[in-house]
Amino acid sequence: MGLGEFALQEFRGDSINKIKWDAFITSAAKHLMQSGVHPMALNASAWEVWLNYKTFNDSTALKTALNWAKSSHEKLPTDPEVADTYGHILFDLGYFKEAVEMAELSVKEGERTGSKDLHYYKENVIN
């Protein structure tokens, strides 16, 4: 487990702790964009930021997570989970057209792969 993943696990254990949030963001920003980081590690951290950035009023972290989500999507362009994460972040940052494209992609690829999360992806397109 890399340092960024360790900080993510620490934060998940106490997700209202601002000190752990800051440590997670700092560590992840430092380590996740290195070469060789698995795209799903990027995606997991980006999703965690999306889930929690409002708690800490941290739109800067969301902008950082956009880079992680984009990198993950570039490496796994047909993964529905990755497209879903990327779409959520794009939407919250105001990139609505691109967010809809990612939501539609997550449904299409979720149907193609038989994803267990397909119903969530469909909800995002409807809402």
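Mentor: Start with Leu42. Leu42 counts as buried because its relative accessibility is 0%. Buried means under 20% relative accessible area, exposed means over 50%, and partly exposed lies in between, with a 1.4 Å probe and protein chains only. Keep in mind that this is a predicted model: local features need pLDDT of at least 70, side-chain atom pairs count only at pLDDT 80 or more, and totals for chains, interfaces and linings use all residues. Residues are numbered from 1 along each chain as its sequence is written, and side-chain values use heavy atoms, with hydrogens and water left out.

Leu42 sits in helix H3. Helices here are DSSP runs of H or I with at least four residues, strands are runs of E with at least two, and both are numbered from the N terminus. What does Leu42 touch, not counting residues up to four places away in sequence? Its partners are Leu32, Met33, Val37, Trp68, Ser71, Ser72 and Lys75. Contact means heavy atoms within 4.5 Å. Pro80 is 38 residues from Leu42 along the chain, and their C-alpha atoms are separated by 14 Å.

Stay on H3 and move to Glu48. Glu48 is in helix H3 too. Buried or exposed, at 7% relative accessibility? Glu48 counts as buried. Leave aside neighbours within four places in sequence, and Glu48 is in contact with Leu8, Phe11, Arg12, Trp21 and Phe24.

Now turn to Trp21. Again leave out residues up to four places away in sequence. Trp21 then touches Phe11, Glu48, Val49, Asn52, Tyr53, Phe56, Asp58 and Ala61.

Next, look at whole helices. Two packed helices are described by the angle between their axes and the distance between the axes. H2 spans residues 18-31 and H3 spans residues 39-52; they pack at an angle of about 145 degrees, with axes 11 Å apart. The axes are lines fitted to C-alpha atoms, for helices over the stretch in contact, and angles run from 0 to 180 degrees between N-to-C directions. The crossing of H2 past H3 is left-handed. That means the near helix is turned anticlockwise from the far one by less than a right angle; clockwise would be right-handed. H2 makes the contact with Trp21, Phe24 and Ile25, while H3 uses Ser45, Glu48, Val49 and Asn52. By class, this contact has four nonpolar, two polar and one charged residues. Here Ala, Val, Leu, Ile, Met, Phe, Trp, Tyr, Cys and Pro count as nonpolar, Asp, Glu, Lys and Arg as charged, and the others, Gly among them, as polar.

Now the core. The largest nonpolar core has 27 residues, and Trp21, Phe24, Leu32, Val49, Trp68 and Ile89 touch the most other members. At least two residues each come from H1 (3-12), H2, H3, H4 (59-75), H5 (80-92) and H6 (96-113). Which helix gives the most to this core? H4 does, with six residues. Such a core is a set of buried Ala, Val, Leu, Ile, Met, Phe, Trp, Tyr and Cys residues joined through side-chain atoms within 4.5 Å.

Two more residues are worth a stop. His88 is in helix H5. It counts as buried, at 15% relative accessibility. Apart from neighbours within four places in sequence, His88 is in contact with Trp47, Trp50 and Asn124. Asn57 lies in the loop between H3 and H4. Its phi is positive, about 50 degrees, although Asn57 is not a glycine. Asn57 counts as exposed, at 71% relative accessibility.

Finish with charged pairs. A salt bridge is a side-chain nitrogen of Lys or Arg within 4 Å of a carboxyl oxygen of Asp or Glu. How many are there by this rule? The count is four. One joins Glu109 and Arg112 (2.5 Å, N to O). These two are three residues apart in helix H6, so about one helical turn separates them. Glu109 is buried at 4%, while Arg112 is exposed at 57%. Another bridge joins Glu111 and Lys122 (3.6 Å, N to O). Glu111 lies in H6 and Lys122 in H7 (residues 118-126), so this pair ties together parts that are eleven residues apart in sequence. Glu111 is partly exposed at 47%. Lys122 is partly exposed at 36%. Asp117 and Lys116 also meet in a salt bridge (3.2 Å, N to O). Lys116 is exposed at 68%.
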